[in-house]
Amino acid sequence: MYCTKYYKPDTRQQLWKKSYSSYRSLHATNISETKDGFTIDILVPGFDKEGLELKIEKDILFVKSTKEAPETTIKYNKKEFDTLKLHKRFRLPSTIDTSTISAKAENGILSISLEKKEEAKDKAPKNITIQ
Amino acid sequence: MKSVSSNRTATPFDKLFEDFFGTSIDNVLGRDMSPLNHRLPATNIIENDDAFTLEVSAPGFDKGDFSVNLEKDILSIEAKTEEKKDDESTGKFHLKEFRHRSLKRNFTLPEHIDGENISAKYEKGILFVTIPKVVEPKISKNIEIG
């Protein structure tokens, strides 16, 4: 059984394989900012909330896989992605209130929400009446 | 079998470009080329005694977004979803490595597979497609010597 080429491996790419795979990461990430906080969306196909661990150490958010390798190894005819390993780090800005972190994993997307500290939130423009 | 769509591959130059400018060349040129938002999803293939299993990475879809078709010996897997527009709720993107639009990938199936009983399920962002093999009755026969 074979399928359309995912990418064409050649020696040059073999040499660059490490950087290639980390660059073209399976766990692509979107980070967006609203006026109240940040959202980090990570593609995590094959993971649910049981297989993931989130940890904040100082200003760094770690996202790790807690899955262990199965005892029986699966023999793949072709393997283009891995559903066991995951390790991501994010440096959080000081404007984030780390106690408000919340996350959900749905359909292979891990969505992490972080709220800004009260003083860092964009306040609505205030009109000052002239007396 | 031909590839279903042109798939530009990453070159060492891309990596250099990204290291130097801090953004990928695809971003600069407005292209959208990372493997997961590209039309060719990364796929694992497992073969057992009685079936093949495809694991197609497709995070961010719903079960109803997929269509799996078998035409002669070509199995095509497609998924489509509406992309969320950038607005108040999504905010401003600092990093955008993926988008969701569509994916498509074709597979040429070998002989001796049971096309009638292909099944698929979507779980944790992976589409699992099971393709059973045709079990041929083993013929063992003693031949008498006359």
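Ring pairs join B:Phe61, B:Phe66 and B:Tyr122 into a cluster. The model is a predicted one, and over all chains it holds two aromatic pairs. In one of them, the ring centres of B:Phe61 and B:Phe66 are 5.6 Å apart and the planes meet at 55°, so this pair is tilted. B:Phe61 and B:Phe66 are both buried. B:Phe66 also pairs with B:Tyr122, again in a tilted arrangement, with 4.9 Å from centre to centre and 50° between the planes. Because B:Phe66 belongs to strand 3 (residues 66-71) of chain B and B:Tyr122 to strand 7 of chain B, this pair ties together parts that lie 56 residues apart in sequence. Like B:Phe66, B:Tyr122 is buried.

Strand 7 leads on to its neighbour. Strand 7 (residues 119-123) of chain B pairs with strand 8 (residues 126-132) of chain B in the antiparallel sense, over five bridges. Within this pairing, B:Lys121 stands opposite B:Phe128, a residue of strand 8 of chain B. The two strands form a hairpin with two residues between them. In the turn, B:Lys124 has a positive phi of about 50°.

Another strand of chain B brings in the other chain. B:Arg105 is placed in strand 6 (residues 102-108) of chain B. Its relative accessible area is 1%, under the 20% limit, so B:Arg105 counts as buried. The side chain of B:Arg105 makes a polar contact of 2.9 Å with the side chain of A:Glu80. Inside chain B, a polar contact of 3.4 Å joins the side chain of B:Arg105 to that of B:Thr43.

Charged groups also sit over rings. In chain B, the charged end of B:Lys133 is over the ring of B:Phe52, 5.1 Å from its centre. In chain A, the charged end of A:Lys55 is over the ring of A:Phe62, at 5.7 Å from the ring centre.

The remaining points concern chain A as a whole. Chain A has two helices and nine strands. Along the sequence, their order is β-α-α-β-β-β-β-β-β-β-β. Of the 131 residues in chain A, 37% are buried. Among contacts in chain A with a separation of 6 or more, 52% come from residues 24 or more positions apart. Chain A exposes about 8,700 Å², and carbon and sulfur atoms supply 50% of that area.

Definitions and conventions
Residues are numbered from 1 along each chain as its sequence is written. Chains are lettered from A and ligands numbered from 1 in the order in which they are written. This is a predicted model: local features need pLDDT of at least 70, side-chain atom pairs count only at pLDDT 80 or more; totals for chains, interfaces and linings use all residues. Side-chain values use heavy atoms; hydrogens and water are left out. Helices (H or I, at least four residues) and strands (E, at least two) are DSSP runs, numbered from the N terminus. Buried means under 20% relative accessible area, exposed over 50%, partly exposed in between (1.4 Å probe, protein chains only). Contact means heavy atoms within 4.5 Å. Accessible areas come from the Shrake-Rupley method with a 1.4 Å probe; for residues, only the protein chains shown count as cover. A polar contact is a pair of N or O atoms within 3.5 Å; within protein, one must be able to donate a hydrogen and the other to accept it, and residues adjacent in sequence count only if both atoms are side-chain atoms. Two strands pair if DSSP finds at least two bridges between them. Rings of Phe, Tyr and Trp (its six-membered ring) pair if their centres lie within 6.5 Å; planes under 30 degrees apart count as stacked, over 60 as edge-to-face and the rest as tilted. A charge sits over a ring if NZ of Lys or CZ of Arg is within 6 Å of the ring centre and within 35 degrees of the ring normal.
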